[in-house]
Amino acid sequence: MWWFQQGLCFLPATLVVWTVASFVFAYITAVVLRHVDPLVPYISDTGTMAPERCVFGIMMDVSAFLGIATMYVRYKQVEALIDDNELKLQKLNLFGLILGWLSSFGMCMVANFQKTTLFSMHLVGAVLTFGVGALYILVQTLLSYFMQPHIHSKTTYLVRLGIGVWTLCSIISMFVSSVIMYSSLPGVDVPRKLHWIPGEPGYVAHIVSTVSEWSLAFSFISFFLTYIRDFQKINLRAVTVMQSSHLYDWHVPPSHQNRPSETSPLLAGTT
């Protein structure tokens, strides 16, 4: 059996591969069509112009769906591993799920509201994606801290802690450099500026900001990579419970009643 056939580890693996493919496809298309500069453009800039913005939006929507599914499985796994009397951890786990789903919704907003079209909505989506997403990483890191060493190793916690620090540093760097960049370009419509000339005002701050954004995005991707081994040990199943053995609004003969319920895998994986 291949590693990706074990449990539900294909979910975070697919999320990572698909999201990276979305970034790479949009970047290559935007550069080839000369819609952006080759040297580290904003991720959003690579999905601003047609035709790449159309495919970028679809692919990022799929990534958001995969993220929602992955976070739900993670929630159910932690719920099963934590004792029922550990109410604080159960609430923290639920809080993490809510944060994760908000972050995934923000990803959809970023992909479908281009900053050159509706910058305010794009900015809200970015805050949800990166800001709330960073809080999701924090919550999951805290859960990992409380779950080690009796549920998983201390190494897993330290890896997630390191990625969390990476995420925080990227956010601070992107925020500070963005403020410097905007303050260096008074009167310039920065959200619509897709091409930069080396040496012009704000260029260095722009490069630092874009590098920080790419770093932040890949810190998120790296965090989901830590789920792969955990997801090899979980499978979810759905149970169909019929309230009636027929779909009529009136009584039917007994020969049509008492049929068994059905059980099938909710998501493919091993038991």
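How many helices and strands are there in the protein? There are seven helices and two strands. The model is predicted.

**Overall layout**

- The protein has 271 residues, and buried residues make up 45% of them.
- Taken along the principal axes, the C-alpha atoms fill a box of roughly 80 × 50 × 35 Å.
- Consider contacts between residues at least 6 apart in sequence: 74% of these join residues at least 24 apart.

**Largest nonpolar core**

- In general, nonpolar side chains of soluble globular proteins tend to be buried together.
- The largest nonpolar core here holds 48 residues.
- Phe23, Phe56, Val73, Tyr136, Leu143, Phe224 and Phe231 touch the most other members of this core.
- Two or more residues come from each of α1 (10-32), α2 (52-81), α3 (87-112), α4 (119-147), α5, α6 and α7 (227-231).
- Helix α2 gives the most, with nine residues.
- Phe56 touches Ser22, Phe23, Ala26, Ile43, Gly47 and Ala111, leaving aside residues up to four places away in sequence.
- Of these partners, Phe23 is itself among the core residues that touch the most other members.

- A second core is separate and has eight residues.
- Its members include Met181, Leu185, Val190 and Ile207.
- Met181 falls within the range of α5, residues 154-184, and Ile207 within that of α6, residues 203-225.

**Helices α5 and α6**

- Helix α5 covers residues 154-184 and helix α6 covers residues 203-225.
- They pack at an angle of about 155 degrees, with their axes 8 Å apart.
- Angles over 145 degrees count as roughly antiparallel, so α5 is roughly antiparallel to α6.
- The crossing in which α5 passes α6 is left-handed.
- The residues of this contact divide into twelve nonpolar, eleven polar and two charged.

**Helices α2 and α4**

- The axes of α2 and α4 come within 12 Å and cross at roughly 25 degrees.
- Angles under 35 degrees count as roughly parallel, so α2 is roughly parallel to α4.
- This crossing, of α2 and α4, is left-handed.
- Met71, Arg74, Val78 and Leu81 make the contact from the α2 side.
- Tyr136, Gln140, Leu143, Ser144 and Met147 make it from the α4 side.
- The residues of this contact divide into six nonpolar, two polar and one charged.
- Tyr136 and Leu143 have a part in the largest core too, being among the residues that touch the most other members.

**Gln140**

- Gln140 sits in helix α4 and belongs to the contact of that helix with α2.
- Is Gln140 buried or exposed? Its relative accessible area is 2%, under the 20% cut-off, so Gln140 counts as buried.
- Gln140 touches Arg74, Gly96, Phe223 and Tyr227, not counting residues up to four places away in sequence.
- Of those partners, Arg74 is one of the α2 residues in the helix contact.

**Cis peptide bonds**

- Most residues other than glycine have a negative phi, and most peptide bonds are trans.
- A cis peptide bond joins Ala50 and Pro51, with omega of about 5 degrees.
- Pro51 lies in the loop between α1 and α2.
- The peptide bond from Gln148 to Pro149 is also cis, with omega near 5 degrees.
- Pro149 lies in the loop between α4 and α5.

**Positive phi**

- Arg34 is not a glycine, but has a positive phi of about 60 degrees.
- Arg34 lies in the loop between α1 and α2.
- At 69% relative accessibility, Arg34 is over the 50% cut-off and so counts as exposed.
- Val40 is not a glycine either, and has a positive phi of about 45 degrees.
- Val40 is placed in the loop between α1 and α2.
- With a relative accessible area of 23%, Val40 is partly exposed.

Technical notes: Residues numbered from 1 in each chain as written. Predicted model: local features only at pLDDT ≥ 70, side-chain atom pairs only at ≥ 80, totals over all residues. Heavy atoms only, no water. Axes fitted to C-alpha atoms, helices over the stretch in contact; angles between N-to-C directions. Helix = DSSP H or I, 4+ residues; strand = E, 2+ residues; numbered from the N terminus. Parallel < 35°, antiparallel > 145°, perpendicular 65-115°, else oblique. Left-handed = near helix turned anticlockwise from the far one by under 90°. Nonpolar A, V, L, I, M, F, W, Y, C, P; charged D, E, K, R; others polar. Core = buried A, V, L, I, M, F, W, Y, C linked by side-chain atoms within 4.5 Å. Buried < 20%, exposed > 50% of the residue type's maximum accessible area, 1.4 Å probe, protein only. Contact = heavy atoms within 4.5 Å.
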